[in-house]
Amino acid sequence: MAEVSLREVVKRYDEVEAVRGIDLDIADHEFVVLVGPSGCGKSTTLRMIAGLEDITGGDIAIGGDVVNDVPPKDRDIAMVFQNYALYPHMTVAENMSFGLRLKHYPKAEIKSRVAEAARMLDITDLIDRKPKQLSGGQRQRVAMGRAIVRNPKVFLFDEPLSNLDAKLRVQMRIEIKKVHQKVRTTTVYVTHDQVEAMTLADRVVVMNKGRIEQIGTPNELYHHPATRFVAGFIGSPAMNFVPCRLEEAGGKLNVRVTDRLAFALPPARAARYANAPRNEKLLLGIRPEHLSEANGHAAPGVENFETVLDVTEPMGMETLVYFTLQGTQVCGRVNPSAGARDGAPLRLAVDLNNMHLLNEGTGAVL
Amino acid sequence: MVEVAFQPTSVPQARTARKASSLRNALKRKSTMAFLMTLPLILLIAIMVIYPAFYSIHLATLNKAMTKYVGFGNFQFLFKRETFWMVVEQSCIFAITAVIFKALIGFIVAHFAHNIPSRKQRKWRGMLLVPWVIPPAMSTLAWLWLFDPSYSAFNYTLGLFGAGPIPWLGQTAWARFSIILVNVWFGAPFFMIMYLAALKSVPEQLYEAAAIDGANWWQRIWYVTLPMMRNIIAITTLFSLIVTFANFDITRILTAGGPLDSTHVFATWAFRLGIEGGDIPLGASVSLFMAPILAIAAIFILRDISRRGNEA
């Protein structure tokens, strides 16, 4: 087991710069998830750690040793691919033991390691089957088993759940977490699904356009996003951004959304934004879960307002409501019994204790 | 309507109606329609392939003048002749050696061509296919000149190094070598193009997985490329074995079976006996002898393919 560190890592393909100088330190035993939209450079970063892509600049170190020019086979890593990459002509046992056989491990040890991994992943009955005779979820388990038997320094996962259906994805997500709890191997996991990132990671690395936007624990990213991109990427449904500006009225700080709608900031937020520019265009960032139906009780930092709903989406445990503020579509989450109907008026409550203010131009969170 | 059907006078009418409707049903069935639509091709194959095949079997049972049925007489006669066994031996040596080298060279060249960047690859692919697209009768004439004992480029070049001259087509061992060489030159591009297509169908991630698993270049070929290409290798080998076994033009042009019948293969010897020697039934018997040998090879190779069919 080992730590992984990336220093100023750059990857350039002819004209295109896929990764633009990344610094990242992954601690021993840590589960780090690289998340971002397609083309953000997360897979390229993973493949550079694996040694499947040359790096254009910078250094990658595994266990303290720089591995820039070390071939994949000598990096002591194991990788799980999106489409499993199982050898179709080998049985499950042969697939899992392939790496060990190449390294001439004793037969007895290979057998016991394969049996142990198969037991851990609950695939003991499938050990003599060929990949074609397995379902998607079973193949994914075998691919993980192939990684586990090697007992490598680092596990690399490249969007391993993308090819599975939604239900199986949830199941396998838990499976991966359990495996990591057992083997505690340093893991780098790439996904474009922020739910996977939030549920699996010790720390999440949000990437965009070849750069790291923010690194943090799932809670840090959710509660304290550093940029508009992170604020909008983490959380589902995504955070609402409504154009607004700050104004002082009667010694209090208000956030004005429209001519007729302004919210008084709670003291903690008012103190934070005391030095924020008054005349610049700002965005009010508020998550749907902090926009719910007004319940009549006044709570500190919670402001009520009246709106007319455009569309409602009943989800069972909650109803998503959509309305328009300043030409922007805003989403809220209300109780199914709140009486939200398409086109009907509804009194909503906004929890300003969890609001964010962003600079519209730079996208920075104030 | 039902009561009417029970009236005795209406029974024949009902029967005709039933016949018509069963014909209509038969026509509606997909398998019937499929059979009818492929019937012209089936007839064509029957006329062009099956009829000549059976006719040659019939010919092989006649005497030289084709006037009398002699049963297996021609075969019994062949088995007693030394030349026949030499032809069997030479055909096997020729076909097996040539196919092995064609496959080997085709695989190596395909592997290198596969690693050339795609734009340049197209040019190389085109150039490498040239030997295969020139009519062999023409290209073999050029080879005939290259093998000429007195004026050939080969012997001239060897002479510069103080070696040779080599009787390329005049000595049994050299003549056999030369024929195989030309056949390999002509046939390797076919293997190359088939293997190149097969190589392209191997998912890149399998190589990446193997690289991470610790496989070196050679192990990736042995454990990933070759197993993934097994079926295409088997089919091309079988196909090439059939074509090479039945090869006629290269041997005919280069040596015409000589020296002393030592380079004859089935096709050239059948031609020699049947057309040049005027004994068509005997020639037919020789050519028929290829069928059982190839059938055995085909059974072995195809059985292997169907056994592995459920892997991919």
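Tutor: Two residues are in contact if their C-beta atoms, placed from the backbone, lie within 7 Å. This is a predicted model: local features need pLDDT of at least 70, side-chain atom pairs count only at pLDDT 80 or more, and totals for chains, interfaces and linings use all residues. Residues are numbered from 1 along each chain as its sequence is written, while chains are lettered from A and ligands numbered from 1 in the order in which they are written.

Student: How many helices and strands are there in chain A?

Tutor: Helices (H or I, at least four residues) and strands (E, at least two) are DSSP runs, numbered from the N terminus. The C-alpha trace of chain A spans about 80 × 45 × 35 Å along its principal axes. Within chain A there are 9 helices and 21 strands.

Student: What percentage of the residues of chain A count as buried?

Tutor: A residue is buried if 20 or more other C-beta atoms lie within 10 Å of its own, exposed if 12 or fewer, and partly exposed in between; C-beta atoms are placed from the backbone. Chain A has 366 residues, and the buried share is 41%.

Student: Why is helix 2 of chain A largely enclosed by the rest of the structure?

Tutor: Helix 2 covers residues 92-102 of chain A. Among its buried residues are A:V92, A:M96, A:F98 and A:L100.

Student: Which element gives the largest share of the side of chain B that touches chain A?

Tutor: The contact takes 19 residues from chain A and 17 residues from chain B. On the chain B side, helix 10 (204-213) and helix 11 (217-245) each give two or more residues. The largest share is 7 residues, from helix 10 of chain B.

Student: How many nonpolar residues are on that side of chain B?

Tutor: Ala, Val, Leu, Ile, Met, Phe, Trp, Tyr, Cys and Pro count as nonpolar, Asp, Glu, Lys and Arg as charged, and the others, Gly among them, as polar. The side of chain B that touches chain A has 4 polar and 3 charged residues. Its nonpolar residues number 10.

Student: How far apart do the C-alpha centres of domain 1 and domain 2 of chain B lie?

Tutor: Domain bounds come from an automatic or database domain assignment. For chain B it gives domain 1 (1-60) and domain 2 (81-311). Here 4 residues of domain 1 are in contact with 6 residues of domain 2. The C-alpha centres of these two domains of chain B lie apart by 46 Å.

Student: Which strands are at the edges of the open sheet of 5 strands in chain A?

Tutor: Two strands pair if DSSP finds at least two bridges between them. The order is 13-12-11-14-21, with antiparallel pairing. Pairing on one side only marks the edge strands, which are strand 13 (262-264) and strand 21 (356-359) of chain A.

Student: Is A:Y84 buried or exposed?

Tutor: A:Y84 has a positive phi of about 70° although it is not a glycine. Its place is in the loop between strand 6 (77-80) and helix 2 of chain A. With 22 C-beta neighbours inside 10 Å, A:Y84 counts as buried.

Student: And is A:H104 buried or exposed?

Tutor: A:H104 is not a glycine either, yet its phi is positive, about 55°. It lies in the loop between helix 2 and helix 3 of chain A. With 8 C-beta neighbours inside 10 Å, A:H104 counts as exposed.

Student: What is the omega of the peptide bond from A:S236 to A:P237?

Tutor: Most peptide bonds are trans. A:P237 lies in the loop between helix 8 (228-233) and strand 11 (240-249) of chain A. The bond from A:S236 to A:P237 is cis, with omega near -5°.
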